[in-house]
Amino acid sequence: MNQTPPQRAGRFITVEGIDGAGKTTHVQAVEDAWRSAGRDVVRTREPGGTPLAERLRDMVLHEPMDALTESLLVFAARRDHLHTVIEPALARGAWVLCDRFTDATFAYQGGGRGFDMTVLSQLEAWVQQGRQPDLTLLFDLPPVVAAERLRQARQPDRFEAQDGHFFERVRQAYLQRMAEQPHRFALIDAQQSPDQVREAVLQTLTARGLL
Ligand SMILES: Nc1ncnc2c1ncn2[C@@H]1O[C@H](COP(=O)(O)OP(=O)(O)OP(=O)(O)O)[C@@H](O)[C@H]1O
Ligand SMILES: [Mg+2]
């Protein structure tokens, strides 16, 4: 009897860190490396990644709202993104590269805004049904360094306009998340030069069989 061989599952890599840490810059380096290796790559971001989720992103970044509303909108966007983009891509064997994911919700809404992380954990379980990234690259650096990088780069959004204390809480919440799930994270020293950061990222992926 003819049997279709089981499809090889894809890979799901996320990139996290405070604003200005260098995530988007280095996501590009990973995408380039994967494409050179002939991978089917899906590059995406959160909040966003679908037309509906991008509209929700726009609201979250620009409209004032309480922390529960914000968390619900972020997870609504995530549900749409997982359902229509990420899960179908992984099912066909694609390698998915996502600029921010759920750790950012714990870091910004939980750490930054002080929202109840047990509620976030419930939303995470409900929306993700056990789906977690295979690897999360956490770009870590002092907020003052990141702020200086961003200072001339662009106009701040609602989060970027927050003070250094906000970003220190975000940073600590990311580190706490890593301490809770150490196997899933790789810490990248994002204070290094762009070339050094790129090298650290590519070495980490190589060491984990992800390049
Ligand atoms: N290692 C680095 N050293 C110095 N400057 C850097 C480094 N990495 C990135 N930059 C610069 O810092 C700025 C912010 O980088 P980038 O947009 O990649 O950060 P980000 O983490 O994606 O920020 P955001 O969360 O706000 O999207 C850019 O102008 C980028 O060129
Ligand atoms: Mg970015």
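This is a predicted model: local features need pLDDT of at least 70, side-chain atom pairs count only at pLDDT 80 or more; totals for chains, interfaces and linings use all residues.
**Exercise 1.** Work out whether Gln-128 is buried or exposed, and list what it touches beyond its close neighbours in sequence.

*Solution.* 
- Start with the location: Gln-128 belongs to helix α5, which covers residues 117-128.
- Next, look at its relative accessible area, which is 3%. Buried means under 20%, so Gln-128 is buried.
- Now skip the neighbours within four places in sequence. What's left in contact with Gln-128 is Phe-75, Arg-78, Leu-82, Phe-101 and Thr-102.
- Two of those names show up again together: Arg-78 lies over the face of Phe-101, 5.1 Å from the ring centre.

**Exercise 2.** Place Leu-210 in the chain, then find out how far its C-alpha atom is from that of Phe-12.

*Solution.* 
- Leu-210 sits in the segment after α8 (194-207).
- Along the chain, Leu-210 and Phe-12 are 198 residues apart, yet their C-alpha atoms are separated by 9.9 Å.
- Check the contacts, again leaving out neighbours within four places: Leu-210 meets Arg-11, Ile-13, Trp-34, Trp-95, Leu-135 and Leu-205.
- With 5% relative accessibility, Leu-210 falls under the 20% cut-off, so call it buried.

**Exercise 3.** Decide whether the rings of Tyr-108 and Tyr-174 are stacked or edge-to-face.

*Solution.* 
- The model has six aromatic pairs in total.
- In the pair Tyr-108 and Tyr-174, the centres are 6.5 Å apart and the planes make an angle of 80°. Over 60 degrees counts as edge-to-face, so that's the answer for this pair.
- Where do the two come from? Tyr-108 is in helix α4 (residues 102-112) and Tyr-174 in helix α7 (residues 164-180), so the pair links distant parts of the chain, 66 residues apart.
- Finally, widen the view: Tyr-108 and Tyr-174 form one aromatic cluster with Phe-166 and Phe-167.

**Exercise 4.** Describe the second largest pocket: its volume, its lining and its main contributor.

*Solution.* 
- The volume is about 270 Å³.
- The lining has 15 residues, and Ala-147, Leu-150, Glu-160, Gln-162 and Phe-167 are the closest to the centre.
- Helices α6 and α7 each give two or more residues, and α6 gives the most, with six.
- Sorted by class, you get eight nonpolar, two polar and five charged residues.

Terms used: Residues are numbered from 1 along each chain as its sequence is written. Chains are lettered from A and ligands numbered from 1 in the order in which they are written. Side-chain values use heavy atoms; hydrogens and water are left out. Helices (H or I, at least four residues) and strands (E, at least two) are DSSP runs, numbered from the N terminus. Buried means under 20% relative accessible area, exposed over 50%, partly exposed in between (1.4 Å probe, protein chains only). Contact means heavy atoms within 4.5 Å. Rings of Phe, Tyr and Trp (its six-membered ring) pair if their centres lie within 6.5 Å; planes under 30 degrees apart count as stacked, over 60 as edge-to-face and the rest as tilted. A charge sits over a ring if NZ of Lys or CZ of Arg is within 6 Å of the ring centre and within 35 degrees of the ring normal. On a 1 Å grid over the protein atoms alone, a cavity is a set of points where a 1.4 Å probe fits but cannot get out, and a pocket is an open set with protein on both sides within 12 Å along at least five of seven lines; lining residues have an atom within 4 Å of a point. Grid points are joined across faces, edges and corners, and a volume is the space filled by probe spheres set on the points. Ala, Val, Leu, Ile, Met, Phe, Trp, Tyr, Cys and Pro count as nonpolar, Asp, Glu, Lys and Arg as charged, and the others, Gly among them, as polar.
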